[in-house]
Amino acid sequence: MKMKYMLMMNSPREGAGSIIHWPKEDVRAHIAFMVGFAKKLAGTGELLTAEGLAFPDQAKRVRAGADGKPITDGVFPESKEFLAGYWIVEVDSPERAYAIAAEASAAPGRGGAPLNMDIEVRQVMSGPPPDMM
Amino acid sequence: MTEPSDRRIEHLLREHAPRVLGAVLRKFRDFGASEDAVQEALLAAAMQWPRDGVPEDPRAWLIQVASRRLTDHVRADAARRHREELVVSLVPPEFQLVMPREGDELVGRDDALVLLFMCCHPALSTATAVALTLRAVGGLTTGEIAKAFLVPESTMAQRISRAKQSIKSSGVPFQKPTPEETAQRLGAVLHVLYLIFNEGYTASSGPELHRTDLSGEAIRLTRMLHALLPDDGEVAGLLALMLLTDARRAARTGPEGELIPLDMQDRSLWSAGMIEEGVALISATLSKGSLGMYQVQAAIAAVHDEAARAEDTDWPQILALYGVLMGLADSPMVALNHAIATAMVHGPEVGLELLEALDAEGRLEESHRLDAVRAHLLERAGRNAEAVAHYRKAAERTTSLPERNYLLTQAARLNDART
C-alpha cells in the first residue's frame, strides 16, 4: 500500500539566505545535489512533486480583515524557522519517507559538510476508508 | 495508402486542424460547437488512420466527419437551438459540404487566418487567447495545454470554454478581416504567438527552463501566419526573432540545467541552420522598409548570432538598434537592455548612470532584473564588493529557480575571487 508524505525543508531564518554567502564550489555542490536528488526520486517513481520557495523576504502573511478583505503583513520577524521548499513523495512505508528526508537533510553545505537541516515529515491524508463512505 | 506512423498522423492533424475548423465554422457559424466537432473528428482520425491508413484528402475527410458530428448534435437538441441552426440541420451534410473546387487553397488559407484572428480577439484576456489559440489553431488537447501551463486540466477547460462563450457573445463574425481589421488585430495575434514562444523558451514556472513543446508550436504557428501574410514585415520579423533565439537553445543550459549567459555559451552548439534561415528572413524583410519592434529585435538577435565569438559581437550596431527599439516600444526592459549595450560600447560606468536614471523612474521596482544587470556592470567596472551585493539581492528576489541558482553562483564566484 503506497502512502504519501510531505517532506518540508525548514531552514533557520538566519540561515535562510546564508547560501548567498557560501563559496562558489559549495553553492555548485549544493545545487548539483538538489537537482540530482530530485532526478533520482523521479527515477524511482517516488517523487510526486517538489518545489523550492522564494526567500522569506518576499513572503507575506495574509488574513481576512473584518470586511473580508485581505490584510497582509510584511515578513514575519518573529519566526525562527521558515519553509524553504518541499517534496511530496509516494512510498511503501514511513521508514522510506524518513530515509528520503534524511538524504535530503544531508545536502552539502558550506565546505561540503552536510547541512543536516530539519525536515518535517508528515503523511498526506487520504480519503476515508471505503467502509466509512 | 502507406502504413502511417503515429508521429506523421499527429503532424498531419495539427497541420489540418485550423483549416478544418475554419471550414466548418464558415458553414455553421457557432464557434463552440464547431470546435467541439472538430476535436471529435481529430480524435476519430487519431484512432482510425493508424489502422485504416490516411485518406487521400485528409482535410476533406476531417471536414466531413466534423460536419456530420455537428449536424447530429444540432439535430439532437434542435429544440433548444436557434432557428438558423435548425435550418442547417435540415440540409443533408453531403450538401452542406461541397468543397469549392477552384481557389480551394485560397479559401483554406483565409480560414486559418480568420481563425487565428478570432482566437486572439482583443476582447479576450491574453491568457485566454493563448489557450484558445493553442487549442483551436494548434490542435493541442486541453490536457496538453494544461500541462504546459502547469494548471489543472479542469481550470484550463474552464478557461477555454469561457473564451468560446465570449467569442459567441461578442458577435465577432467569422469572415475574412478587412485590411484595416487585419492591421488593427495583427498586433494582438503576434503578441499571443510571442507569449507562447516565450513561455516555451523560458518557462515562467516549474523546475525546467525550456518547454520545447510550446516554443516549437509557436514557431509552427508563426510560420503558418508568415505563409498567409508573406508581405507583412512584423510577421516575418517575429518568425526570424523566434528562429534566431531558439537557435541558441542547446547552449543555454549546462548539465545540471543551470543557466549559461550569452557571452559564456559554447557557440558550436548553436543551430547553424536556424541562424541561417533567421538571418536570411530578417535581411530580406529589413530591406523592404517600414520597421517594427519584432524586426528590430530580430535584427539584434541576428547580430548576436552572427558573432563567431562573444568578443566579436558588433556592440555599436546593437546599441544603435536598441536606440531604434526605444523609439518603437517604451518598455523598461528595452531601456535596461539599452543600458547594457551602452555599457558594452562606452564602458560600464556610463551604463550604470543609465541604470540610476531607470531606478529613479521606479518602473522596474518589482523586478529583480535591474539588480542583476547592475551586478554585471559593477563587476565589469571592477567594483566587486558592490557587484556581489547586487547579485545577492537579485538572487533573493527572483522567483525562477534556475535563475536564482545562476545568480547565487555568480555572487559566490565573485566573492571567492575577492577574498
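How many bridges join β2(A) to strand β5 of chain A? There are 5, and β5 covers residues 81-91, with the two strands running antiparallel.

Before going on, please note that this is a predicted model, in which local features need pLDDT of at least 70 and side-chain atom pairs count only at pLDDT 80 or more, while totals for chains, interfaces and linings use all residues. Residues are numbered from 1 along each chain as its sequence is written, chains are lettered from A and ligands numbered from 1 in the order in which they are written, and side-chain values use heavy atoms, with hydrogens and water left out.

**The sheet in chain A**

The strands β2 and β5 belong to an open sheet of 4 strands in chain A, ordered β2-β5-β1-β6 with antiparallel pairing. Two strands pair if DSSP finds at least two bridges between them. Helices (H or I, at least four residues) and strands (E, at least two) are DSSP runs, numbered from the N terminus. At the edges of the sheet stand β2 (47-52) and β6 (118-123) of chain A, each with a single partner strand, so one side of each has no neighbour in the sheet. Neighbouring strands of this sheet are turned by 20° against each other on average, direction ignored; for such angles, axes are lines fitted to C-alpha atoms, for helices over the stretch in contact, and angles run from 0 to 180 degrees between N-to-C directions.

**A loop residue with a positive phi**

Asn116(A) is in the loop between α2 (94-105) and β6 of chain A. Its phi is near 50°, a positive value in a residue other than glycine. Most residues other than glycine have a negative phi. Is Asn116(A) buried or exposed? It counts as exposed, because its relative accessibility is 53%. The cut-offs are under 20% relative accessible area for buried and over 50% for exposed, with partly exposed in between (1.4 Å probe, protein chains only).

**Salt bridges**

A salt bridge is a side-chain nitrogen of Lys or Arg within 4 Å of a carboxyl oxygen of Asp or Glu. By this rule there are 27 salt bridges over all chains. Here are three of them:

| Pair | Closest N and O atoms |
|---|---|
| Lys2(A) and Asp92(A) | 3.3 Å |
| Glu311(B) and Arg309(B) | 3.5 Å |

Lys2(A) lies in the segment before β1 (3-12) of chain A and Asp92(A) in the loop between β5 and α2 of chain A, so this pair ties together parts that are 90 residues apart in sequence. Lys2(A) is partly exposed at 44% relative accessibility, and Asp92(A) is exposed at 51%.

In chain B, Glu277(B) is in helix α13 (residues 272-286) and Arg223(B) in helix α11 (residues 212-228), so their bridge ties together parts 54 residues apart in sequence. Glu277(B) is partly exposed at 32%, and so is Arg223(B) at 35%.

**A buried charge in chain B**

Glu234(B) is found in helix α12 (residues 233-246) of chain B. This residue is buried yet has no salt bridge, and the nearest side chain of opposite charge, Lys288(B), is 12 Å away. For charges, Lys and Arg count as positive and Asp and Glu as negative, while His and the chain ends are not counted. A polar atom of the Glu234(B) side chain lies 3.1 Å from the backbone nitrogen of Met293(B).

Note on methods:
Polar contact = N/O pair within 3.5 Å; in protein donor to acceptor, adjacent residues only side chain to side chain.
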